[in-house]
Amino acid sequence: MARATSRTRIAVSTAAAWIVGLAIFFPILWMVLASFKTELDAFAIPPKFLFFDWTLENYGVVQKRSDYVLHAYNSIVIAGGATLIALLIAIPAAWAMAFAPTKRTRGTLLWMLSTKMMPPVGVLVPMYLFFRDVGLLDTRAGLIGVLCLGNLPIVIWMLFTYFKEVPKDILEAARMDGATLAKELIFVLAPMSVPGIASTLLLNFILAWNEAFWTLNLSSADAAPLTVFIASYSSPEGLFWAKLSAASTLAIAPILVLGWLSQRQLVRGLTFGAVK
Amino acid sequence: MATRQTQILGRSVTAPSVLLLLAWSLAPLAATIYFSFTYYNLLNPASGQFVGIDNYSYFLTDPAFLASLKNTLVLVGSVLVITVVLGTLVAVLMNQPVIGLNIVRLMVIAPFFVMPTVSALVWKNLLMHPVSGLFAWIANSLGLHPIDWFANAPMLAVILIVAWQWLPFATLILLTALQSLDGEQLEAAEMDGAGPFSTFFYITLAHLARPITVVILIETIFLLSVFAEIFVTTGGGPGLATTNIAFLIYSQALIQYDVGGASAGGIVAVILANIVATFLVRLVGKNLEA
Amino acid sequence: MASITLQGVRKTFGAVEVIPGVDLAIEDKSFVVFVGPSGCGKSTLLRLIAGLEDVTAGQIRIDGVDVVQVPPAKRGLSMVFQSYALYPHMSVRGNIAFALKMAGMNKAEIDRRVTAAAATLNLTPYLDRKPRDLSGGQRQRVAIGRAIVREPKGFLFDEPLSNLDAALRVQMRLEIATLQKSLGTTAIYVTHDQVEAMTMADKIVVLNAGRIEQYGSPLELYERPANLFVAGFIGSPKMNFVTGAPAAALGAATIGVRPEHVAVRPGADGPRGSWSGRVTVAEHLGSDTFLFADTELGTVTVRAAGEIGLKPGDSVRLIPDSARIHRFDQAGRAIRG
């Protein structure tokens, strides 16, 4: 019976899924459209959906503001730096946990996970004072450090779950073949885990890019990434919707692409392997 | 199982991560605990004396604390209900035969990748603006009175924004879980005479129980710390209407410069989060053994 | 080329004693098979020799030198894993050359050795392929190539044929045995398959619960099993065991006779010391016939050469070859003489 009506069913479920998908995506779409409008059209009531004077003017303005480029650069350096450093620290640790476990490995892994659950606001005060006293406030290095440590547990966990899937035999074979740990990691484990390492890199880059607690509280101008730059539109410039939209579009477009590329790994990374 | 040599090597390469995380998790926490027992105001040079539990009694009896605790619970609870219920429905829908599923999937997960400050501002201005926002225009076209979201229903506005950001997360995890549901189990239920609704309740929902728990726990941990969305939309207001604990501590520390009080609040937040974290860690730990 | 000696080797995992204490001397150039049921500790013993696990106590000497503190790669042994453990991202050439590269050998010498190993194993046409593009047998050969190219003192094989289909297994069995003889390298081979053990080994170590039950040549084990365990483990189909009056009559607690040493005759009559029974199952293999007969002593298995026309329900007389009856005492030890 169900099979006889499958054609109708596909039509119905397809239509429903597309409507739901478009509804969820709509705010982003609307923002992207607004970024191509003049400020006047962006405000227009009734709203102009497609028939307006398409313009790239907003992007031009955003580009010309040199600080946009600076903030984008900050975002790249901070998110990239934090992720790469975390990866370098985490790869050997994840190797050890996956292939040379001790009685304490399980406890260590769970403890690392629990550090991720500490609400950042609980340590905001000492971190702020520490940053102020050692002169790290509003520096890229300071944010790289904080975001690197913040994401380290996720990086270790993700790598651990990927490394677990590499057969132990192969690493033992490498050991029999005389590979030192460094060579074992570089020539055997890393090349075999390229997809896993890549998605770990990608997801943590995204998380660091979008991080909006430490960046808002520990940076203001020189080191401020895009999260802070966009937040600066909240009051006075909030009236310039088209420009806000253009800046926002530029801030999220690259990450949206990376996110779409890493979507399959997202579940695994964010649930610490609890859902595969 | 490995040789002692390997284990020693393993321990030494794990050490940097462990030490860094230890420092990262303990040092600031210890400082927070210390500050929470002292009088410490950034504007007052006569700071630093030990005041016992004064900060705690001040923070816990501050009407703002109770309000923010209530707001935190309302925010977390509402977003959880919305994302889990809608997430389940959307996931079930996406698990049907759908033409162009990959594109639908991309659209559905997109909000998760939008940085919090962007989503908050886009919602606040382009959609929820009482005059020029799209929602106001829709309300007007339907002959209704547009809502001035951030004046009359500020908490609801924040909840909607945050729920929009987290709906993809719930959907994606539940969809992944659904796809791992054994097709033969569904066919067996069909053979046993179960209709679509009993199948959904007895088989599908039962299968989703665990992933839903995971979604709830993980979202709770992040939702307890919602900050940027409030920071750029309402600034905690009007009054205290949208001040959650995270925002209250922030304003205590960096607006009122009361380090001691903010630290006491921070410890309260840590304790709240730990209650949830205990459950999550136990759940993940169980999975680790399997 | 080396002798390998184990002295008082013990291994515990936490509180679990896997190897309670093993002494074993393996002669240079010999092919020794560790055989036993799963969980008997044979793989653990091999991994201890390889250096992939630490011994809890005892010595492992290679050519007289204690290697207990020596890391795996420096012991001069190479290993073929059950899963082959090929590096999936490297070509066949890369796999075979890896150990030599790690040892810092010069390129010309590596090339020479890899080419030679590939020629020996008929892998020359596949040198630039990845492991995933090879058949099971070819992967097996690459694993062997990786082992021989180092010119080790000894080979360690950990159930290397268990992932192959039956026909290929027979062929690879032959190839490995031939290769070992022509290289003259000492080899230790772990398997749970007693046919592999019997056909390949110079000497077999039968392991049970981490203990050596018997160490000897295949025929010694077949003809003079030291105890009930070895008697039951070596030989297929399994030896028949009989307790009670017939055993007591021979001064033993248990007697055993192999199915191929029981003659069968149709009908109910037979000489003294024979057993009457009824066929329950007859398996006709053409070359042999396996009969399972219900007797007053329990089920007796008979292996008769060629085809005999018996079918279930037939009454038979079973006549054990009295010269080939094995006797065991109360503790299960063989009674000699």
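**A salt bridge to begin with**

Me: Which side chains meet in a salt bridge at 3.9 Å, N to O?

Reply: That would be C:Arg150 and A:Asp177, whose side chains form a salt bridge at 3.9 Å, N to O. One thing to keep in mind as we go: this is a predicted model.

Me: Got it. How many salt bridges are there between chain C and chain A?

Reply: The count for that pair of chains is two. There are also seven residue pairs in polar contact across the interface of chain C and chain A, with both residues at pLDDT 80 or more.

Me: Which parts of chain C touch chain A?

Reply: Three elements of chain C each give at least two residues to that side: helix H1 (42-50), strand E6 (77-80) and helix H2 (92-102). Sorted by class, the side has 16 nonpolar, three polar and three charged residues.

Me: And how many residues does each chain bring to the contact?

Reply: Chain C brings 22 residues and chain A brings 16. Together they bury about 1,600 Å², with 66% of that on carbon and sulfur atoms. C:Tyr87, C:His89 and C:Met102 account for 32% of the area chain C buries against chain A, more than any other three residues.

Me: Let's switch to chain A and chain B. How much area do they bury between them?

Reply: About 8,900 Å², and 78% of it is on carbon and sulfur atoms. On the chain A side, A:Ile24, A:Met117 and A:Trp241 lose the most area to chain B, yet together they make up 8% of what that side buries.

Me: How many residues are in contact there?

Reply: 106 residues of chain A are in contact with 99 residues of chain B.

Me: How many salt bridges does the rule find across that interface?

Reply: Zero between chain A and chain B. There are 10 residue pairs in polar contact between these two chains, counting pairs with both residues at pLDDT 80 or more. H1(A) gives the largest share of the side of chain A that touches chain B, at 18 residues. By class, that side has 77 nonpolar, 20 polar and nine charged residues.

Me: What is chain B built from, helices or strands?

Reply: Helices! Chain B has 13 of them and zero strands. Its C-alpha atoms fill a box of roughly 75 × 75 × 30 Å along the principal axes.

Me: What about the largest pocket, how much space lies in it?

Reply: About 1,200 Å³. The largest pocket has 28 lining residues, and nearest its centre are A:Arg9, B:Gln96, B:Leu186, B:Pro196 and B:Thr199. The elements giving two or more residues to this lining are helix H1 (6-35) of chain A, plus helix H3 (63-94), helix H9 (183-191) and helix H10 (196-223) of chain B.

Me: Last one: how do the residues of that pocket's lining divide by class?

Reply: The lining of the largest pocket has 16 nonpolar, eight polar and four charged residues.

Notes. Residues are numbered from 1 along each chain as its sequence is written. Chains are lettered from A and ligands numbered from 1 in the order in which they are written. This is a predicted model: local features need pLDDT of at least 70, side-chain atom pairs count only at pLDDT 80 or more; totals for chains, interfaces and linings use all residues. Side-chain values use heavy atoms; hydrogens and water are left out. On a 1 Å grid over the protein atoms alone, a cavity is a set of points where a 1.4 Å probe fits but cannot get out, and a pocket is an open set with protein on both sides within 12 Å along at least five of seven lines; lining residues have an atom within 4 Å of a point. Grid points are joined across faces, edges and corners, and a volume is the space filled by probe spheres set on the points. Helices (H or I, at least four residues) and strands (E, at least two) are DSSP runs, numbered from the N terminus. Ala, Val, Leu, Ile, Met, Phe, Trp, Tyr, Cys and Pro count as nonpolar, Asp, Glu, Lys and Arg as charged, and the others, Gly among them, as polar. Contact means heavy atoms within 4.5 Å. Buried area is the accessible area (1.4 Å probe) that two parts lose on being put together, summed over both. A salt bridge is a side-chain nitrogen of Lys or Arg within 4 Å of a carboxyl oxygen of Asp or Glu. A polar contact is a pair of N or O atoms within 3.5 Å; within protein, one must be able to donate a hydrogen and the other to accept it, and residues adjacent in sequence count only if both atoms are side-chain atoms.
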